[in-house]
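Please keep the structure in view while reading.

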Amino acid sequence: MSAMEAKARVTPARHKTLGLSDQDVLDMYYYIALARALDDRMWVLQRAGKAMFVISGPGHEGCQIGAMWPMDKKHDWFVPFYRSIAACLVKGMTPRDILLGLFARAEDPSSGGRQMPGHYGHPGVKILSTSSPVGTQFPHAAGIAYASKIRKTGEVTMTAIGEGGTSQGDVHEAMNWAGIYKLPIIFVVENNMYAISVPLHKQVAGGNVAARAAGYGFPGVATDGSDVLECYRVSKEAYDRAKRGDGPTLLEFRVPRLGSHSSDDQQERYRSKDEIDADRRRDPLQTFRIYLEGVGLMDEGKLKEIAGRVKREIDEATDYADRSPLPEPESGVRHLFHDE
Amino acid sequence: MAELRYIDAINQAHHEEFARDERVVVMGEDVGRKGGVFGATMGLFDKFGEDRVIDTPLAESSIAGIAIGMAANGLLPIAEFQFADFIHPAFNQIVSEAARMRYRSNNAFGCPVVFRTPYGGSHGTALYHSQSIETYYAHVPGLKVVTPSTPYDAKGLLKAAIRDPDPVMYLEHKRMYRLIKGEVPDGDYVVPIGPAVVRREGRDLSIFAYGWMLHESLQAAEMVAKEGIKAEVVDLRTLAPLDKDTILKSVAKTNRALIVYEDNRFVGYGAEVAATIAEEAFSDLDAPVMRLAGPDVPGIPFSKPLEEWFYITKDKIAESIRKLAAY
């Protein structure tokens, strides 16, 4: 949705009819701003030679925050992918956790500096460790959800992927399994129209990921990923459905892609300037701000205050991660097996 | 103590572990109502229910991948692959995910999954029901690989694998299922993952084998004994981690080494055993290390004469023993 459309969608009680308080939506905005500023910081650090590599998700933050908002931060499970920065922040990781990974420090909670940046995991907030081969996380999420079901823990599992990843067989296998066993799981597909450089029409037959859910016997919903409140609404429904024991939901969020695939990619080489500009007009940071201004919750002063808070947190996290020690070379042999 | 077939020992280990720990589940194609195509999971479905004895869709990658997720959330899954020949779609999940989970998360997450599968050739098993896959997995850091050769070890090693906090490939040579019988204690016991065992003492040369090849080797040793050649036979049992001490001790005693494996010879598991002996026992050797292994063709061809051409038999092993002893 563009800025103009965002303005048109301002109705005073919109967030309240969804059960969100004024504080909720202000917090949601804070997380979008935090994730974006952290993302920007990582690119600056990479360009300055302080970090080897960045992979992130500018433009995806709104849908991630909407999707994660209904989840119980301590109790439920999240199995992320490499663009899940905003979702991981809401789930309980901190900018410090993420920057420790960027700098490959010993204290990096995701991998102790063993994996490339963007491979999130955190046992303390039930975010499963992730790898690089795309799609493998879907069966893991289904397995977690199966365990929740037979152990009767009441946990809901959410996993996420890009639209390119949906071409993988593992994604099909996991959704088939989840449909058969009516698992308490939410499959999130963040569709930014490109898998690195390959466009949607060469990736997704039929052009509609959400429609595939029908084949597995559970609902699939396509949503404008720049409309944070709508993302929250469909995610809350999916969450409640999982909680009730009614099974999985596939959520496709159509998001703007505001950056290149990674720090090793230049999207200007395969996308037109017009198309990139059009995506910029759908930036959730902007569209959500317009909503908050429209309902009288946001003004210049508040924006400044949030920007200041975000900057302080990221400065502090950057300093901390930068000063944090690197892993000892001898530790490379450890943790192949338990108790070693 | 009862005399059990190899397959029954595997089945008994499942029953005892299911009763001992409610976190144990088994999943695979036809493992439920049918009890598995070879009967490894017979009786579990009725006794422990469909939540824990799970008939999966016909999709090997997710059998492995879903087991990994279950293990992350408090279960102890046994993932059965109906034939080792069909495990290849799960290679990515086993190698890139299960084997690396602990290492890549810096010990934050483990992956206590047992991957069980029948491998190797029996009569009429042909190209896609006969493959040996141990080398692919023994190569992978973070995986343990076991190949029990007796009913006693089949039960004890399966229990050890289920209780292990890390992923274990548990490989069953399918020719042993009904042919090999042995004494198996009724109660609980564990055969530790790691140690090899000397199955027959000898002084003239050492044979290193596992799975069905152990039984062919024992028979070959018996044959040449009548000719005065005393062959020692070592059952490797665990392929990863490799029990170097038992191997080197045996070579120090006999000064000659023959490695027998059914898998393709080229870059097969025996190559690692040979390299270990060459590097660490060179001065003990009176003859070059010898390998007897499957031909380098893809699997065992179906037609009888072709099958016989492929098989590593006691006669072929005896021939190699004579050659090595005469060197």
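## Chain B as a whole

In this predicted model, the secondary structure of chain B is made up of 13 helices and 14 strands. Its C-alpha atoms fill a box of roughly 60 × 45 × 40 Å along the principal axes, and 57% of the 327 residues of chain B count as buried.

A compact globule of 327 residues would have a radius of gyration near 20 Å, and the 19 Å of chain B therefore agrees with that expectation. When contacts in chain B between residues at least 6 apart in sequence are considered, 80% of them join residues at least 24 apart.

## Two helices in chain A

Helix 3 (residues 22-47) and helix 12 (residues 284-294) of chain A have axes that come within 10 Å and cross at roughly 155°. Because angles over 145 degrees count as roughly antiparallel, helix 3 and helix 12 of chain A are described as roughly antiparallel to each other, and their crossing is left-handed.

On the side of helix 3 of chain A, the contact is made by Val25(A), Tyr29(A), Ile32(A), Ala33(A) and Arg36(A), while helix 12 of chain A contributes Pro284(A), Leu285(A), Phe288(A), Arg289(A) and Leu292(A). By class, this contact has eight nonpolar, no polar and two charged residues.

## Where chain A meets chain B

Between the two chains, 33 residues of chain A are in contact with 34 residues of chain B. Helix 7 (137-151) and helix 8 (169-180) of chain A each supply at least two residues of the side of chain A that touches chain B, and helix 7 of chain A gives the most, with 11 residues. Sorted by class, this side of chain A has 15 nonpolar, 14 polar and four charged residues.

Key: Residues numbered from 1 in each chain as written. Chains lettered and ligands numbered in written order. Predicted model: local features only at pLDDT ≥ 70, side-chain atom pairs only at ≥ 80, totals over all residues. Axes fitted to C-alpha atoms, helices over the stretch in contact; angles between N-to-C directions. Helix = DSSP H or I, 4+ residues; strand = E, 2+ residues; numbered from the N terminus. Parallel < 35°, antiparallel > 145°, perpendicular 65-115°, else oblique. Left-handed = near helix turned anticlockwise from the far one by under 90°. Contact = placed C-beta atoms within 7 Å. Nonpolar A, V, L, I, M, F, W, Y, C, P; charged D, E, K, R; others polar. Rg over C-alpha atoms; globule rule 2.2 N^0.38 Å. Buried ≥ 20, exposed ≤ 12 C-beta atoms within 10 Å, placed from the backbone.
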